[in-house]
Amino acid sequence: MAKDVLLEELNPQQKEAILYSKGPLLVLAGAGSGKTRVITHKFAYLTKKKKYHPSSIFTVTFTNKAANEMKERIARFVGSDMRQSWIGTFHSQCNKILRREIKALGYKPDFSIYDDDDQCNLIRHILKELKIYEALYKGVASRISILKASLISPEEFLSQGDGFSFDEKLGRVYLKYQDELKRCNALDFDDLIMLTVRLFEENPKLLSKYQEMFPYILVDEFQDTNHAQYRLLQLMARHKNICAVGDDDQSIYKFRGADVSNILNFEKDFPDAMIIKLEQNYRSTQNILDVSGAVIAKNPQRKPKKLWTEKGCGEKVIYCRLNTEEEEARYIARNIKDLYLKGNYEYSHFAILYRINLQARAIEDALREEVIPYHVISGVSFYHRREIKDIISYMKLALNTDDNVSLRRIINSPPRGIGASTLSKIEHEAKKNSVSLFAAIKLMLKSNNITSSIKDKISEFVKIIEKISSTHHKTAADMLKDIVEKTGYIEDIEEERLQNILELVSSAENIPIKDFADRVALVSTTDDEPKKASVSLMTLHSAKGLEFPVVFVTGVEEGILPYFKAIDDASEMQEERRLFYVGMTRAKDILCLTAAKKRRLYSKVQEQEPSRFLQDIPKECCNWIEKVQQKTEVIPEPAKLPPKKRASAYTVGCRVKHPAWGIGVVRDCCEEGSNTKLTVNFPGIGIKRLVAKYANLERI
DNA sequence: CTTCTCTGACTTTTT
DNA sequence: GTCAGAGAAG
């Protein structure tokens, strides 16, 4: 029975990929070729037919979303609970290993995990200390991150340098950074991978233990692995039973260290590797495949693929160039409205993609004008909000008092009168005794050379942290509640921040403390659930892995797509091309490419040339529209609406959802200045007056 | 220590 | 044009 269910409705290549279960296998899975299906079926096949235990298959993905999806789908198949399984992101898998084994590297198992924010804070602190121009921290952070992803240690990096250049300084910062992390008993994201590799390289016994634990390895989105991740896979796959699934054409994270050559060189590293191409596409029409295929075919370094579909030609791909970005946006909005009114599409069927976030603004304006519901999938995650990070920092410090970065963050928030001068005294004391900041504060409390007012303040702080860490909390929620209470954090803060904290607490309900701390660190949880009944706006990067019936790729212009910074670098140009390809292949039925002749970028208006990628598009698959005014004659504004009168996203009678009060009906709506003030009746709660932009409302 | 004002940077961002 | 962050003033 199992075999039938496992293999039915699969094409021959998919079947082959599932059945080939001995030795290394690379599955080149084109966009929309049923990649996830292959992985989940393969997992099921290995456990059902090949008698692998579910927890003996080391399965790695890049996102938590992908991991969860996979767990769910496999659980449905295999019928057993996947919570014990080793299916997860690279980072969470490494975290799991390191929590057990990190003592071998001289860290303590209760290490903190630093996110990008913490990482930047630490780097800035180091730059300040080494008297290097602090504004460089972002560039320094990303260089260090790429070094770690390439498994280059500070010592190695320093030994390559000439002793004078900027890289010399960078090397010193890197060295100090690693040192500080260790003092803090903290790991950044890159450490999770790098240190796992080091752990295995330095401890052959441990390595073989894990090699035996995992006789089979499955890798999703293989094109996105960086060198360190690849090395980890190489180490673990002693039995060479590794199946890597990916698409070199969809590698768009080079700037984060992803290395396409991993996919291009797989055959060299695993000489007897089997390669299977999945070229049947189940998503898009032939026209869309022809257009996107022609564009990607121009990339010199790629594994040739030719996607095909049984779907038929479908609609022609539309290309439309307009005068300005406002016109471009209006064109998109009107097209969406038209298609929606014809009744074949819901608003949730549309996606508008752009290269840079900045482009979203004009589009949002146009959608509001047409009263089209939309949501922007943005990068700012819940856990990155200041109040959330602050509360979490208390938690991290209580769990690991060596965590100096968290301590610096919260020692004066909420304000308790401990300013820069006090902190530098603490830093000094810590350095003198080579102990953590927290330990230094405790030393200072015993000494007599500080004023009693400072003593009171810092002793208060120490008491709070010690009380929190010595209390035995049952769940993470209990601990967070205790933190909020003891620190007085929620006394006079804005309503929105308070709501966020309450949300944080409720999300921690019934979760063990350490699990919660890991989850917060490793799960971005942007919580951008594909909101029902609204158009999705996002960058081309965030669109990867998604699909929509109707897709607009906007700003198809030189300078935007390809982005101007990539223009004089051949490998970055290739990546821009892939980015365009990823965008186009999100579309199922209708693909529309748009461009503007003039665009306001930052403060100046620029003349924009059409993107070079357009030259590669077969014109017979397209509807080519130029709505461009050749002469600069005075154009009678087609829409005579003064911007003030712009229709608000809210109308009397529409339904809204508030994070705390739930669903309500808008009773009144008025524009005051730049604010939209709403009167909303929440059943069971009553009538509330709200300012739309602060109330965190969702239109439903 | 907090608040205001000025400067300058300004892709993308799975963890 | 906008925002965050640094520095100056209160």
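Predicted model: local features only at pLDDT ≥ 70, side-chain atom pairs only at ≥ 80, totals over all residues.

Trainee: What does the side chain of Lys42 reach instead?

Mentor: The backbone oxygen of Tyr20, at 2.7 Å. Beyond its close sequence neighbours, Lys42 is in contact with several residues, among them Ala17, Ile18, Leu25, Tyr216 and Cys243.

Trainee: Okay, now show me a pair that does form. Which residue meets Lys35 in a salt bridge?

Mentor: Glu221, with N to O at 3.1 Å. This pair links distant parts of the chain: Lys35 is in helix 3, Glu221 is in the loop between strand 6 and helix 12, and they are 186 residues apart. Are they buried or exposed? Both are buried.

Trainee: How many salt bridges does the structure hold?

Mentor: There are 47. Another one joins Lys209 and Glu101, at 2.9 Å from N to O. Lys209 belongs to helix 11 and Glu101 to helix 5, so this pair ties together parts that are 108 residues apart in sequence. Lys209 is partly exposed, at 41% relative accessible area, while Glu101 is buried, at 13%.

Trainee: What about a pair inside a single helix?

Mentor: Here's the general idea: an α-helix has 3.6 residues a turn, so residues three or four places apart point the same way. Now look at Arg368 and Asp365, whose closest N and O atoms are 2.6 Å apart in a salt bridge. They are three residues apart in helix 17, so about one helical turn separates them. Arg368 is partly exposed at 25% relative accessibility, and Asp365 is partly exposed too, at 24%. Salt bridges can also share partners: Asp115, Asp117, Asp118, Lys389, Asp390, Lys396 and Arg409 are joined into one network that way.

Trainee: Let's do backbone angles. What should I look for?

Mentor: Most residues other than glycine have a negative phi, and most peptide bonds are trans. Exceptions are worth a look. Glu221, from the salt bridge with Lys35, has a positive phi near 50°. Lys240 has a positive phi as well, near 60°.

Trainee: Where does Lys240 lie?

Mentor: In the loop between helix 12 and strand 7. Lys240 counts as partly exposed, at 38% relative accessibility, whereas Glu221 is buried, at 16%.

Trainee: And which peptide bond is cis?

Mentor: The one from Leu561 to Pro562, with omega near 10°. Pro562 is in the loop between strand 13 and helix 26.

Trainee: How do I read a helix such as helix 26?

Mentor: Check its length, then what covers it. Helix 26 has 15 residues and reaches 21 Å from its first C-alpha to its last, close to the 21 Å expected at 1.5 Å a residue. Twelve of its 15 residues are buried, so "buried" here means under 20% relative accessible area. The buried ones include Met573, Phe580 and Met584. Its cover includes helix 15, strand 10, strand 13 and strand 14. At the start of helix 26, a side-chain oxygen of Asp569 comes to within 2.9 Å of the backbone nitrogen of Ser571.

Trainee: What does the start of helix 12 look like?

Mentor: There, a side-chain oxygen of Asn226 reaches to within 3.1 Å of the backbone nitrogen of Ala228. Seven of the ten residues of helix 12 are buried, so the rest of the structure largely encloses it.

Trainee: Last one: how many helices and strands does chain A have?

Mentor: It has 27 helices and 21 strands. Of the 700 residues in chain A, 52% are buried. The domain assignment gives domains 1 to 5, including domain 2 (111–183) and domain 4 (381–520). Twelve residues of domain 2 are in contact with 15 residues of domain 4, and the centres of these two domains are 26 Å apart.

Note on methods:
Residues numbered from 1 in each chain as written. Chains lettered and ligands numbered in written order. Heavy atoms only, no water. Polar contact = N/O pair within 3.5 Å; in protein donor to acceptor, adjacent residues only side chain to side chain. Contact = heavy atoms within 4.5 Å. Helix = DSSP H or I, 4+ residues; strand = E, 2+ residues; numbered from the N terminus. Expected span 1.5 Å × (residues − 1). Buried < 20%, exposed > 50% of the residue type's maximum accessible area, 1.4 Å probe, protein only. Domains from an automatic or database assignment. Salt bridge = Lys/Arg side-chain N within 4 Å of Asp/Glu carboxyl O.
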